[in-house]
Each structure stands twice: as structure tokens, then as C-alpha cells.
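The stops below go from domains to core, then to helices and a sheet.

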Amino acid sequence: MRSLGFDVRIASGAEEAGALLAAVPAGERVALVDPRFVGHLHALRLTLTDPRFPAAAAPGALTAQPEARPALARALGTVSAPPGAAGTGTVTDAGVLTDALADALDADGVSVHRPQLGTLVATVPTDAEARHAARVAVDAVDDEAVRLRSAVKAHDGFFTTFFISPYSRYIARWCARRGLTPNQVTTASLLTALIAAGCAATGERGGYIAAGVLLLVSFVLDCTDGQLARYALKYSTMGAWLDATFDRAKEYAFYAGLALGAARDGDDVWALALGAMVLMTCRHVVDFSFNEANHDATANTSPTAALSSKLDSVGWTVWARRMIILPIGERWAMIAVLTAATSPRIVFWALIIGCAFGACYTTAGRVLRSLTRKAKRTDRAAQALADLADSGPLAGLAGRIFGRAGLAMSPAFVLAFVAAGVLISAVLGRPFGDAGTVVAACLYVMFAGAAVARPLKGALDWLVPPLFRAAEYTTVLVLAARSDAPQALPAAFGLVAAVAYHHYDTVYRIRGGTGAPPAWLVRVTGGHEGRTLLVTVLAALLADRGDDFTLALTALAVAVALVVLVESIRFWVSAGAPAVHDEGETA
């Protein structure tokens with residue numbers, strides 16, 4: 001217990017345990033362990049030191065974080081312990097007291113986490129024979145080997161599983177033994193990727209080779225930070241924010257580095273860089289929306305899901321299906337190799353083709369599942385989809401107006417599809433700066449508002465957020481590409497990166513159980529429909545004014561980035577942020 005950071009006290013009974021608990025400062029974690037406990041140290045570590053849960057229990061062991069301690073004190077006052085039972089702030093002689101307290105906490109509304117111990121042993125033997133059998137079971141399992149295995153995610157991609165994790169877990173252990181934190185490793189990964197982007201920006205073959213090598217090093221560190229968090233159980237609110245955002249920052253910075261390097265060689269690939277970013281982000285939004293829509297749905301089964309489960313029993317199909325969606329491991333490996341061996345233009349075309357195929361594959365599969373399952377979407381899921389939609393004041397107004405007119409009676413995904421189709425057709429088919437594009441943007445606002453006027457509970461309503469993302473990002477990309485303003489595409493790249501950060505931040509807040517960003521942030525940033533309308537108006541007003549369109553996009557990008565980043569940092573370093581280490585996309 002002392003090796004886990006606890007100050008050990010012995011109590012003679014439940015009453016004394018309560019007194020010792022009351023003496024512990026209110027802001028500290030407490031734990032109770034049966035003195036007859038036999039098991040692995042890592043079983044206790046998993047139970048007693050994981051910061052993500054208010055309370056946790058295993059056979060013979062219980063812990064409570066500060067927010068659960070009042071309930072624990074009440075439970076101690078109501079649970080009857082057998083004669084001779086004991087309890088403490090950290091260790092108890094309570095025969096069955098810990099298990100009874102865990103049940104009492106559950107009954108009091110406290111969510112008690114019970115970790116999956118697998119082959120690890122945690123038991124309270126009642127006689128000498130049982131104690132001997134438990135000790136034999138402990139000796140038969142290598143505690144450290146289990147700890148190393150559990151540091152690796154169970155569902156990583158092929159490249160990560162076979163080319164990174166076999167050694168990165170040992171790097172994680174090396175870091176843990178030297179007191180390094182996951183946040184420090186995450187920061188090192190970011191710095192390495194930024195250096196790689198700088199090397200790519202040189203436009204020299206040696207720079208490209210160095211960039212490819214450093215990008216792989218950055219990915220190894222990116223895997224190591226999560227493995228270190230799981231190995232040492234060092235989850236934190238700041239770590240959640242860093243892990244959720246730095247992957248995107250690294251990838252976007254590397255894209256920008258490649259585009260700058262190509263420009264030094266006279267090849268303008270900013271449109272390809274932005275296109276790759278748009279495709280990747282939209283694919284991720286498809287995943288996020290579908291998962292949020294269905295993770296707590298009732299009757300959530302379908303023939304296609306059953307087929308997927310059958311395919312999972314055939315080993316090679318699991319790896320094939322994970323690889324073809326181009327997860328981050330495969331994607332970064334491809335980027336690194338092609339950067340070192342070819343040109344930025346080839347890198348981006350490979351990314352666009354790979355991301356487009358992955359997006360089509362995942363979207364088609366999810367559509368089939370949605371059409372064949374008879375799931376009932378919950379109010380929580382509908383609210384999550386509405387939050388992911390990022391609808392601003394204009395959409396709210398349009399929803400109220402056209403909802404009364406009956407437009408909102410159409411399926412939400414159909415309205416979103418019409419909105420996106422009208423807008424993208426206009427920006428592609430009309431000259432840059434044409435007033436018809438602004439009219440199309442106004443129609444986009446109207447249909448987008450009608451789409452979210454009712455709860456998003458339809459079978460395919462999870463498509464609404466991805467359609468809005470595709471419409472907004474594509475509009476910025478096409479208008480910048482068709483503009484004669486110099487450097488409009490790099491400015492558009494910055495704008496889309498800032499807005500995409502806002503959308504990823506929304507996803508991770510929802511996953512952490514804290515809901516969407518505050519309403520004022522959505523109002524200030526305009527919502528997807530407000531920003532889209534603004535960009536089309538700027539294009540119409542500044543079409544013949546030199547680089548004014550570039551300056552306008554740059555100003556908008558800076559404004560959005562500042563507002564979103566300040567609020568995001570405030571949230572993730574606050575006490576209200578969830579202490580999680582989100583796994584993000586499959587590595």
C-alpha cells in the first residue's frame with residue numbers, strides 16, 4: 001500500500017475506520033483494504049489509484065475520491081460489520097466490510113468502478129487452504145507482464161500492433177521508472193512533429209528524408225504517451241486535452257510543412273493539402289456522429305452488425321478492415337515513407353485517395369447498419385448530434401420560421417443533404433464572387449436550420465453533422481482555390497484548421513460527459529451556417545480587390561482560433577473537465 005502512495009493506518013472496527021476517515025483532509029483519496037487480502041500489486045493499483053472514477057472496488061479493496069467520501073462516510077454508518085471488523089483511511093481489518101461498503105455506495109447512487117482484472121488475482125481467502133491456493137495463483141501470473149500488456153490498446157491498427165507496440169511499451173515503462181509523465185511525452189511528440197514539419201518545409205530531399213524519420217519518431221512517442229498513462233494510471237484533465245488536440249495539430253502542421261516545401265520547388269499544393277485535411281476530418285465526423293447516435297440506443301442490432309461480428313472471427317479480415325480505413329498508424333507510416341521517397345504532391349494525392357476510400361467504406365457500412373437496425377435513439381443521443389451539428393443563431397432563427405412552415409417535417413438528413421448540395425453546386429458552378437453563391441448560402445442557412453428544428457432521432461440523422469462539415473469546409477476550399485487573391489489557400493487552410501479544432505474539441509467534451517461547449521461560444525463563432533454565409537459574402541464583396549479576400553480569411557481564422565483556443569484551454573485546465581485519457585481514433 002505504501003508503494004502505491006498511501007499512508008497506512010490500522011483500525012479495530014468500522015467505527016474507528018469512520019473516525020480515521022474523518023481525520024483525513026477532505027481533498028484526499030482514501031482506501032480500505034481487507035488485511036487478509038491476497039493478490040497482485042497491480043490489481044490493487046488498478047483498483048485504488050485510477051483517477052478517472054469517484055469510487056472503485058475489487059474483492060477486499062475499496063477506494064473513494066473526495067467527491068465520493070461523504071457517501072462512504074454514510075455507508076460506514078449504516079453497514080454492519082461482524083465482530084472484530086475494522087476499517088481505516090487506507091487499510092482495514094474488515095472481513096467483508098469493503099464489499100458491503102461497495103454495495104452501499106452503489107445503492108447511494110455512487111458509480112463504483114470494478115476494474116477487469118483478467119488473470120490478476122484479488123481475493124480474500126477465508127481459511128489456510130484458500131490462502132495457499134490464492135498465493136499459488138499469484139505466483140503463477142507475472143504481474144509486470146500483465147501490466148505491460150494492459151498498457152497497449154486492445155484494438156490498435158496493424159502497423160501499430162506489429163511495428164510500434166512491441167517496443168513502445170518498454171519505452172513507456174522506462175519513462176514511468178524515471179518519473180516522466182504522459183503529458184511530457186505528448187509534448188515531446190508534438191515538438192518532434194513540428195521539427196519534422198520544419199524539415200519538410202525546406203523543400204530539399206535531405207529535409208524530406210529527415211521529416212519522414214522524425215514523423216515516425218513522433219508517432220512512436222504518440223503511442224508511448226497513452227501506454228504510459230495506462231501503465232502508470234496517470235490520467236489527467238490536461239492530458240485529455242493534450243491527447244485530444246495534439247494529434248490534429250501535428251498532422252496539420254506537417255501538411256503545412258509539405259505545402260511550404262513544395263512551394264519552394266515551385267509546386268503549389270495548398271489545395272491538395274486542404275483537400276486532404278477536409279476529407280480526413282469529415283471521415284472522423286462520420287465516425288463520431290454514428291457512435292454518439294448509437295452507443296446508448298435500445299434494440300441496437302442489425303444483420304450487417306451480425307455479419308461484422310462473424311467476420312471478426314476470421315483473423316485476417318479484422319486487420320484488413322482496420323487497415324483500409326487508413327487509421328493514424330497506417331496513415332502516418334504512408335506519409336513518412338512517401339515524404340522521404342517522393343514529392344509532396346504524391347503524398348497528398350495518396351492521402352486524398354486513401355481518405356476518400358476510407359470515408360466511403362465507413363459511411364456506406366454505417367448507412368447499411370442504420371437502415372437495417374431498429375434502434376430507438378435516446379434524447380441524450382439526439383442532443384449529442386445537435387451539439388455536433390454546431391448550429392448558430394441563424395440556423396435557430398431559420399428553424400423557427402421554416403419549421404412552422406412545414407419544411408422541418410422532411411427527414412433531417414434529407415434537408416441537410418439538400419442544403420449541402422445547393423451550396424456546393426453553387427460554389428463549384430458559379431464564377432468566384434458571383435451573387436448567386438450568396439443566394440445559395442442563404443438557402444443553405446434555411447435548409448440547415450430546418451434540419452435541426454426537430455430532435456435528430458431518425459435512422460440516418462447522424463449524417464447531419466458530417467454533411468454540415470463537408471459543406472462548410474468545401475465552400476472555404478473552393479472559394480479560396482478559385483480566388484485570384486494571392487495566398488488565399490494558405491489562409492483558408494488556417495481557417496479550416498481553426499474551425500476543425502473547434503469541432504474536435506466539441507467531440508471530446510461530449511465523450512467526457514460534460515456536454516457541448518457553452519452556447520455563447522457557438523454564437524460568437526457564428527455556427528457553421530453563419531461562418532459559411534460570411535465567407536461567401538466576403539468573396540462577393542472582395543472579388544476584385546486584390547489580396548483583401550486573403551486578409552479577410554486570415555482575420556477570420558485568427559479570430560476563430562483565439563476565441564476557441566482560449567475557451568478550450570479554460571475548460572480543459574478547469575476542475576470541471578473530465579479526467580480521462582481518450583483513446584481517439586484507432587492507431
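Buried area here is the accessible area (1.4 Å probe) that two parts lose on being put together, summed over both. This is a predicted model, in which local features need pLDDT of at least 70 and side-chain atom pairs count only at pLDDT 80 or more, while totals for chains, interfaces and linings use all residues. Residues are numbered from 1 along each chain as its sequence is written, and side-chain values use heavy atoms, with hydrogens and water left out.

**Domains.** Colour domain 1 (2-82 + 93-141), domain 2 (153-267 + 298-374) and domain 3 (377-579) separately; the bounds come from an automatic or database domain assignment. Domain 2 and domain 3 bury about 1500 Å² between them, 77% of it on carbon and sulfur atoms. On the domain 2 side, select Thr 237, Trp 241 and Tyr 252, which lose the most area to domain 3, together 38% of what that side buries.

**The core.** Next, which residues touch the most other members of the largest nonpolar core? Select Tyr 255, Leu 274, Phe 348, Phe 493 and Phe 549, out of 119 residues in that core. A nonpolar core is a set of buried Ala, Val, Leu, Ile, Met, Phe, Trp, Tyr and Cys residues joined through side-chain atoms within 4.5 Å; buried means under 20% relative accessible area, exposed over 50%, and partly exposed in between (1.4 Å probe, protein chains only). Helix α21 (residues 488-511) gives the most to this core, 16 residues. Helices (H or I, at least four residues) and strands (E, at least two) are DSSP runs, numbered from the N terminus. Domain 2 and domain 3 both contribute residues, so the core lies between them.

Centre on Phe 493. Leaving aside residues up to four places away in sequence, Phe 493 touches Tyr 252, Tyr 255, Ala 256, Trp 270, Ala 273, Leu 274 and Met 277, a contact being heavy atoms within 4.5 Å.

Select residues 346-368: the span is 100% helix and 0% strand, with its end C-alpha atoms 33 Å apart. Then take residues 435-453, which are 89% helix and 0% strand, with end C-alpha atoms 28 Å apart.

**The sheet.** Four strands form an open, mixed sheet in the order β1-β4-β3-β5, where two strands pair if DSSP finds at least two bridges between them. The edge strands are β1 (30-33) and β5 (112-113). Strand β3 (residues 55-58) pairs with β5 in the parallel sense over two bridges. Finish on Ala 55, which stands opposite Val 112 in β5.
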